[in-house]
Amino acid sequence: MDIIITGLFLGGTYALIAMGLNLQYGVARIMNLANGEMLVVGAFTAFALYSGAAVSPFLTIFIVAPVAYLLNWLIYRIMLRPLVTRAKSRGMLEQDAILTTFGLSFVMVGLMIWVFGGDYFSYSYLARPVVLFGDNYGLNRLSAFIGAVILCTALYIWLNHSRAGMAIRAVAVSPKSARLVGIDVPKLSARAFALGGAVTAVGGAVISTFLTLDASTGVLFTMKALIIVIMGGVGDVRGTIVAALVLGVGETLVASLIDPGLTLATAYALFILILLFRPQGLFGRKSA
Amino acid sequence: MKRRTFFRASTALAAMTLAGAAFAADPIVVGAVAPKTGPLAGGAAVTHWPNIQLWVSEVNARGGLNVGGEQRMLEVIEYDDQTNPAETIKAVTRLAQQDNADIILSPYSTGLSLAAAPIFDRLGIPQITSSAATDQIDELAGQFPNLFFLLGRSAEIAGGAVEAMAKMRDAGEIGNRVALVNVADAFGIELVSAGKPALEAAGFEIVYETSYPLGTQDLSPIMKAAKDAEPDAFVAFSYPGDTFGLTEQAMIEGLDVGVFYTGVGTAFPSFAGRFGAAAEGIMGIGGVNASSETFLDYAARLEAETGSQPDYWASGQMYASLQILEAAIEATGTLDMAEVTQYIKDNSFETVMGTITFDDQNSSTGYWTAGQWQDGVFKGVASFGGLDGVVEPFVKAGWE
Amino acid sequence: MRRKDWQTLGFAALLLLVAALLPLTGDGYLISLGVSIAMYTVLATSWALFSGPTHYISLATAAFFGVGSYVTGSWIEIIPYWALLPIAAVAGGVLAALVGLATLRLSGVYFVIFSLGLAEMIRQVVTWYQNQTGHKGTYVLTDMTDSGIYWQLLGLAGLVYLAGWAIGRSRLGFALRIIGEDEDVARHVGINTALSKVALFVVSGAVAAVVGAIIAPRYVYIEPAIAFAPMLSFQVVIMALLGGTGRLWGPLVGVVPFTLLWEVISASFPNQTTLLLGLSFLVIVYLLPGGFVGLYDRLRARRALRGVPA
């Protein structure tokens, strides 16, 4: 039981890490290698506000979200839009996007070091035990899990039941057909990218309550997020959630029952198994 | 375009005017290579860079180094090696050959220091490492006669923890059962492979043992399993990120142990900053002589100059390495590195970490191996070579 | 072979010979720069051998490089150094074959991500294994000099160019070009697409492993975090793409300016290295699509249009 709960909590964390990338990659077609850095920016902000002004990280997200939204919208408009226009094929866009966002991740790490320095930053927030089914769990992890649930549910409902959300999903499925039915694809892509960035930064603020980070750690999160998004199926919120939970529970199972030294190997083994049997991801569509 | 950090505070100018003769002399070019980015940047930002800044500004405020009767100011060239040994090698070579550096400081960490060791060796520059812990000192000393070790052998470091624990066990304060975990990286593996036999030899029973990969995000399965084994002591040879993570998980799980020991990062000031009162009684790698006025004075100066507090392990050693260089240069009155190296081998040095001498393998004869947070200071509880100021470890009482 | 081919070969051999004279300057700084350039040239060229025609972006260089370093690091005490290089090649090749067979049937993007994670995964398995066996740090204490390493890398570069040149003229090269144009067409005309891709991936993996094995003595102390540093994979991709993957000499003209630019930036702006590298990176992507080869081809095309003999 405690393995399942611990695994679910970890899965919730992973969902927070990967959800934003799913929007960016699935809808805006940008494989954003600077995603982890955006997460660290969110975490930095939460840290700075908490240690400077004792603002709760769960309040910080209301500042982080709009700022990150705007920032990512600008990034898309200024830096990525020209690539989308220039690309002759999906493959070429992918290549350009990888190079650009990798450069961008360097720039962001550089800026963070300039502004905050390279030191570790960590603070203690809600590091209190809560008892569930007779076992102790960190309150901060529980809160992060609840945060992930709220965020994912909200996104899911919004994407499936609002006009704007449906349009975004249409773009994810097929940009060409979306254009035919009168959807402004470039505008929506920019919005989806911005929204993805905001979600990632919020995730960063939330997980900073229990992880110790420094300016250079972003790439670790990017890799995890990529695996989860691909595993779940690009452009599908449900897929990302399920993949995150599968990964979280799988890693915890291995860590508890076999050897914590093999968690990452498990993650990749899961990844490749899923892709061998379902190359389009758990929830992906064949055509996508 | 060279960006040379030239510490010219107004106090330095005033001191120079007093020194008079200093005006004519060329500055001494000091080369420094260490990570400013990459995985080890976090550690270097605490332990390495602030000390260089402090040393240079203090020496220059005094009017510079006295080299054979001539007062010469210090001028620093800093390079970021991005935690990449190829860059370290390139940067050290660049310092020697393009920048004509008079002094080159050892890079940061075991791996990066050793990557640069052949170059230091070829150039005949003394390389005083303050952040390299290894078990191969014998072999390395044979290959690189200019390489000095301040941090000591990993076997001694692990042994220090065991020694402190055995003391408490023999006094009947804790039981025999130990949970032993380590980060599966070169450093953690080296420590655990020295620490495990030492624990067994001391009569401890290892009731839980595991390793976890660097960068593990959720350490709670480990802490839960450790708790289920009902240990009397918890020992983790860990890196900063997981040191913080394990400690937090132990608080959450309410791990009831008399000894809680974690690795690198325990001695960081931010550790006490994060865990506050709960840090009290936690043991870890390193330690200082907390009753030493010299150390306390150094800590205060470092914070005043750089805004960053020293960690209670390698920071002081880093500053000590600079003091040793300084003393050797002033005593020999030359920048001839062969003479300086010989002087370092032959003499003992008064530093912020106490008196330091090197054995015939250029390893420091006295260093701290284990410490414990006591009243907000990380005090040394075990040392190699019988240092002054060892305090008695006490049993950790709860997490509040 | 035609006369022109002989000329090309002769010219390349001459260039290599001139490059081999560098250590005679005795300038350690130049030599260490030379080692960097030679290392990245080999890595980027062998990377482009596979990724150029197939358009699969492999981020697995660090994994092969690390495996090679560990071959040297683990056995330098018991096996003579020269025997280690072929062992490293085999190790890298086998690993590439396994990974290739498992993932090269997937579409491009899955391959990218898996290859990115490969280094991380192998690093973890290596550390896990070391931990199980109570392994101490891996030290490579030799009397190898930078010049020796440089010459070995140059020799390897010669081999890689020869291999690339031969592949370009073989059935395999032809098959790969068709795959790159349109994989479906390739399949219809009876090309075993998976096998062709795996074959080239093996070549590029083996070469990267040998580079790792050659470099290991230079690092003295091998630790997983350094041997498998993911940065290396990206650097190789960037340099190769900057040069352009369409031609065999493409990566070389990317490596040289990039290494020098990197050098200037890290020497002049030690506190903003990462930031400036990122920026220069962006500039390259925006101003030089297709790399220098693309630029060269465009210029040639323009001249041809104007009727100037190219």
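**View 1. Division of chain B into two domains in the predicted model.** Chain B comprises domain 1, spanning residues 10-153 + 291-367, and domain 2, spanning residues 154-288 + 369-384. The centres of domain 1 and domain 2 of chain B, taken over C-alpha atoms, are separated by 30 Å.

**View 2. Contact between domain 1 and domain 2 of chain B.** Here 18 residues of domain 1 of chain B are in contact with 20 residues of domain 2 of chain B. On the side of domain 1 of chain B that touches domain 2 of chain B, helix H2 (41-47) and helix H13 (314-332) of chain B each supply at least two residues. H2(B) provides the largest share of this side, three residues. By residue class, this side of domain 1 of chain B consists of seven nonpolar, eight polar and three charged residues.

**View 3. The loop residue B:Asn100.** B:Asn100 lies in the loop between helix H4 (85-97) and strand S5 (103-104) of chain B. Although B:Asn100 is not a glycine, its phi is positive, at about 50°. B:Asn100 counts as exposed because it has 9 C-beta neighbours inside 10 Å, and the limit for this class is 12 or fewer.

**View 4. The loop residue B:Asn362.** The loop between strand S14 (354-356) and strand S15 (367-374) of chain B holds B:Asn362. This residue, other than glycine, has a positive phi near 65°. B:Asn362 has 23 C-beta neighbours inside 10 Å and therefore counts as buried.

View 5. Residues 137-159 of chain A are 91% helix and 9% strand, with end C-alpha atoms 32 Å apart. Residues 257-277 of chain A are 81% helix and 0% strand, with end C-alpha atoms 26 Å apart.

Technical notes:
Residues numbered from 1 in each chain as written. Chains lettered and ligands numbered in written order. Predicted model: local features only at pLDDT ≥ 70, side-chain atom pairs only at ≥ 80, totals over all residues. Helix = DSSP H or I, 4+ residues; strand = E, 2+ residues; numbered from the N terminus. Domains from an automatic or database assignment. Contact = placed C-beta atoms within 7 Å. Nonpolar A, V, L, I, M, F, W, Y, C, P; charged D, E, K, R; others polar. Buried ≥ 20, exposed ≤ 12 C-beta atoms within 10 Å, placed from the backbone.
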